Amino acid sequence: MDLDLSPKLAKKVYGDDGGSYYAWCPDELPMLRQGNIGAAKLALEKNGFALPRYSDSSKVAYVLQGAGVAGIILPESEEKVIAIKKGDAIALPFGVITWWYNKEDTELVVLFMGDTSKGHKPGQFTDFFLTGANGIFTGFTTDFVKRAWDVDDDTATALIGNQKGKGIVKLDANFKMPEPKPDHRKGMAMNCEEAPLDTDIKNAGNVVLLNTKNLPLVGQVGMGADLVRLEGNAMCSPGFSCDSALQVTYIVNGSGRLQVVGVDGKRVLETIVKAGNLLIVPRFFVVSKIADPDGLSWFSIITTPK
């Protein structure tokens, strides 16, 4: 397999003073296209608001930094408004509408990884915005919007054109946003940094699994995930996914050495990984990591909910 498996950093796609959206490109990371996997990051500054959108792909979201609020509307369900913070994992099935807001001084950064097999572009997410300069209603004529919403001409025009921002905007500090409700978190999110450990090796590291047992909604997403934290100089022994799943890994913190071995015992990758890197290990290939003295942690999705 002559694929470039080397880890890559995300590149900025769009953004302004409210924040930025970054994505990994399948032209630079070919395994994204081959494995039908998308990966992106949302970074919101204080008062940054990611406009409501839905995607052509199911995803798992993981909060890398900061704290904020997320609005989530599942098909045929009421809106859930939840508080989110570093370590939260959230399952986002097909058809879900989301918005994201940061009211804190610290930047809010959310990682998205998911399945693009039913998407418009293999290896890339395509978002459809409900509002903004590129919102879905800007493509309809005023008379269509007027009849759809049963409003007058002036209101229809305002609905189409008042929001000039694209994707991410910065709200006024006094703007009133919906408050999160504690009971809305149940079944929607799990904090991987606070969850019971599935594996805990003294002076070596620990693992937390995200699956249908602790977050049933991942069954609708079609993939599971894990957070692995290695102590300094610890090793994650060589291993592979025995059910033909792909391993998509984002380095959360630290750095370390990584080796991947493929067909006929050939070492296909030997590299140093660091925070911000994304890499994909092909099916049945064996991977191992050794942490540097400061430790190494990563969040991975596995293309099976089990």
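1. Basis. This is a predicted model, in which local features need pLDDT of at least 70 and side-chain atom pairs count only at pLDDT 80 or more, while totals for chains, interfaces and linings use all residues. Residues are numbered from 1 along each chain as its sequence is written, and side-chain values use heavy atoms, with hydrogens and water left out.

2. Cysteines. With a disulfide taken as a pair of cysteine sulfur atoms within 2.5 Å, the count is zero. For C192, the closest cysteine sulfur belongs to C236 and lies 16 Å away, which is too far for a bond. C192 is buried, at 0%, whereas C25 is partly exposed, at 30%.

3. Helices (H or I, at least four residues) and strands (E, at least two) are DSSP runs numbered from the N terminus, and two strands pair if DSSP finds at least two bridges between them. Strand 15 (residues 205-210) is antiparallel to strand 14 (residues 199-201), with three bridges joining them. L209 has D226 of strand 16 as its bridge partner. Five of the six residues in strand 15 are buried.

4. L64. Where is L64 placed? L64 belongs to strand 5 (residues 58-65), and L64 is buried at 11% relative accessibility. Leaving aside residues up to four places away in sequence, L64 touches K41, K86, V109, L111, Y250 and V252, a contact being heavy atoms within 4.5 Å. F137 is 73 residues from L64 in sequence, and their C-alpha atoms are 32 Å apart.

5. Helices 2 and 3. The axes of helix 2 (residues 142-149) and helix 3 (residues 153-161) come within 9 Å and cross at roughly 105°. The two helices are therefore roughly perpendicular, a class that spans 65 to 115 degrees; under 35 is roughly parallel, over 145 roughly antiparallel and the rest oblique. Axes are lines fitted to C-alpha atoms, for helices over the stretch in contact, and angles run from 0 to 180 degrees between N-to-C directions. From helix 2, T142, V145, K146 and W149 meet D153, A156, T157, L159 and I160 of helix 3. These contact residues comprise five nonpolar, two polar and two charged.

Methods: Buried means under 20% relative accessible area, exposed over 50%, partly exposed in between (1.4 Å probe, protein chains only). Ala, Val, Leu, Ile, Met, Phe, Trp, Tyr, Cys and Pro count as nonpolar, Asp, Glu, Lys and Arg as charged, and the others, Gly among them, as polar.
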